[in-house]
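Here is my note on the model, written as numbered points. Please keep the structure open while you read.

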Amino acid sequence: MENPLLAAFDTKFELPPFKKIESDHYVIAIEKALNEAKDEIAKIIKNSEKPTFTNTIEALEKSGEKLQRNSSILFNLNSAETSDELQKIAQEISPKLATFNSEVKQNEKLFERVKEIFRQKENLDLSGEQKKLLHDTYFDFVRRGVELEGPKKERFKEISIALSKLSLKFSENALAESNAFEMVITNEADLAGLPDDVKGRAKELAMQKGNENTWIFTLQAPSYIPFMEYADNRSLREEMYKAYMTKCFKGDDRDNQEVILKTIRLKAELATLLGYKTFAHYVLEQRMAESPDKVRTFLDDLLRKSLPKAKEEVEEIKEFIKSEGEDIELQRWDWSYYSEKLRKEKYALDDELVKPYFKLENVIAGVFTTAEKLYGISFRPNDDLEVYHEDVKAYEVLNESGDVVSVFLADFFPREGKRDGAWMTSYRSQRYEGNSRVIPQVSIVCNFTPSSSTHPSLLKFNEVKTLFHEFGHALHGMLADTHYQSLSGTSVYWDFVELPSQIMENWCYEKECLDLFARHYETGELIPEDLIDRIKKSSTYHEAFATVRQLSFGLLDMAWHSLTLEEANATSDVSDFEENAFSSTDLFPKVEGTNMSVQFSHIFAGGYAAGYYSYKWAEVLDADAFSLFKERGVFDRQTATAFKEHILSKGGTEHPMTLYKKFRGQEPTPDALLKRAGLV
């Protein structure tokens, strides 16, 4: 069969021809694309003409297009629709890509051409975007070890390859562990407290697996989360919690402890080779936060303001448990259950009351309409577009003139081949070829509760926020309008990338937005205003606890990545290290045999190493930015246009603070965040 990855895609909008791609196509196609990319690099180096921005910097930017295209398909599907075969291919290809990238960025002859242009940058007639591309290209070489000599340069390359393998191994172990667990319930009395739709899906899953008269629950979010929130059976909640928190921590072949230790030692060594004190120093040099000290000051300040209130919230739950006539010590598997019960009592509100107003299809229509009102874009479904799974929906994204500005793929439901969580990705980033805009191919991937034979897919309010969040990332990619792909869309500092996503969550609380789509799936009744008020009032419910939890993850991340090489080599116990890192934020007794680090894919496999703080960092930005919308109107077109012009379309063409100030007129302050969180 002809290999579709070897040729130009003749599909609509040049989407990947998913249906034609077989697993055995990848290795051949990527290796061929690798050779083509090497030839393109060699051509730049051998160019006898004087180095110019066009024949060197732009030529570098355009090199390896097919390689990037094919490898993005492989790694995107390895996250969203994987298999044992695909995982093996990714493990085979990943070190080859790492080797190639190291060889390019450590090529001294190529760097000499880049450096010559960089030296002349003030005398060249470059646009602002060209200057940024030149700056980024030059420092990318430096930060990839081009100025290292001899054995150090070779060691940098070895470390890069090893880290790429470890990242894949970490992800594969985490996915395998999630898929391996099932709780099979045979006694219907053990389902007490669970909503009917949750029980129905558990019954259907059991039927699919040939288990009559049973109910099956898994560690996938649509199963695990409602079980922990509603199941009256405390011992089963404990069993589920421990199953979740012991993933990759059992001392078997899917244990991630040694993966972590190898990873942090290699990262510390890489940073040391380049002259940085720690890996965090290396990473944060190219972040808004700039340094580990600044990040810790930021996290510690928020912790100081939120921890006392979080402790009060925990005490409130303990008192509530007593008022329920129960004599137990509050444990981690109790928090969601009793927190949800108290929320219902305090605000006459729970997920089951809200979910009927958030049918998935209506929420999708709502987020589309929100984007249309803000940015003048619309979404046209096209079932003829290529997709990689029958659950995936494809849309053409049109501007007000009717031109297609992007392709959007939406993949909402869990399955065994998909990793946990929710994320946005691209199959092709936006760029220009001459005067023609190459449209991006953007995808969001989630794990929402699917429909059943008795209920449509109904979202909890937090899931509604998740959809708006990931859609905000997608807007960053879809509305990108930069000349160069490497500066396009989400190609920004990691502590800035969450601004477009987190600001979108704010619209979920606004009546003007909810009235667009929040209708009861059976009656068509618009969501009542008093229910919206209760949602708003409950938005700060246990917000301090949630803040401390998020800060604990940021502190754990910084602890792992702030180790010097000597400290990293001396670290041998993942459990003890994590316990120390969590010591300032722990609000519950320790649960032996559980561990967060070994499943913390964001920092060990997802690009957030020394960057998890960015969620909170971006909250400061998004709260400050949305305060301008609140002041002028949540659908004020002038404000939205300014946000699109200065944030969404500009990608990484300027420093993020410069872009933010162009939109907001000033630097952000934490005041709006603290007020929104109820911490002041």
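1. Helices (H or I, at least four residues) and strands (E, at least two) are DSSP runs, numbered from the N terminus. S597 sits in the loop between helix 23 (574–582) and helix 24 (601–604). Because its relative accessibility is 0%, S597 counts as buried; buried means under 20% relative accessible area, exposed over 50%, partly exposed in between (1.4 Å probe, protein chains only). Leaving out residues up to four places away in sequence, S597 touches F170, I260, L556, W560, V574, E578 and F604. Contact here means heavy atoms within 4.5 Å.

2. A word on the source. This is a predicted model, in which local features need pLDDT of at least 70 and side-chain atom pairs count only at pLDDT 80 or more, while totals for chains, interfaces and linings use all residues. Residues are numbered from 1 along each chain as its sequence is written, and side-chain values use heavy atoms, with hydrogens and water left out.

3. Five strands form an open sheet in the order 3-4-5-9-6, with mixed pairing. Strand 3 and strand 6 (423–428) are the edge strands, and each pairs on one side only. From one strand to the next, the twist averages 30 degrees. Two strands pair if DSSP finds at least two bridges between them.

4. Which residues pair across the strands? Strand 3 (residues 378–381) and strand 4 are antiparallel, with four bridges; S378 has L398 of strand 4 as its bridge partner. Strand 4 and strand 5 (residues 404–411) also run antiparallel, joined by six bridges. There, A394 is partnered by L409 of strand 5. Strand 5 and strand 9 (residues 441–445) pair in the parallel sense over five bridges, and the partner of L409 in strand 9 is S443.

5. Look at strand 4 (residues 393–398) again. Five of its six residues are buried, so strand 4 is largely enclosed by the rest of the structure. The hairpin of strand 4 and strand 5 has five residues between the strands, and G402 takes a positive phi near 90 degrees there.

6. Two helices next. Helix 16 (residues 360–375) and helix 17 (residues 461–478) pack at an angle of about 40 degrees, with their axes 11 Å apart. Axes are lines fitted to C-alpha atoms, for helices over the stretch in contact, and angles run from 0 to 180 degrees between N-to-C directions. Helix 16 and helix 17 are therefore oblique to each other. Angles under 35 degrees count as roughly parallel, over 145 as roughly antiparallel, 65 to 115 as roughly perpendicular and the rest as oblique. The contact residues of helix 16 with helix 17 are twelve nonpolar, one polar and no charged. Ala, Val, Leu, Ile, Met, Phe, Trp, Tyr, Cys and Pro count as nonpolar, Asp, Glu, Lys and Arg as charged, and the others, Gly among them, as polar.

7. One more helix pair. The axes of helix 9 (residues 221–230) and helix 10 (residues 234–245) come within 9 Å and cross at roughly 140 degrees. Helix 9 and helix 10 are therefore oblique too. Y224, F227 and M228 of helix 9 meet L236, R237, M240, Y241 and Y244 of helix 10. By class, this contact of helix 9 with helix 10 has seven nonpolar, no polar and one charged residues.
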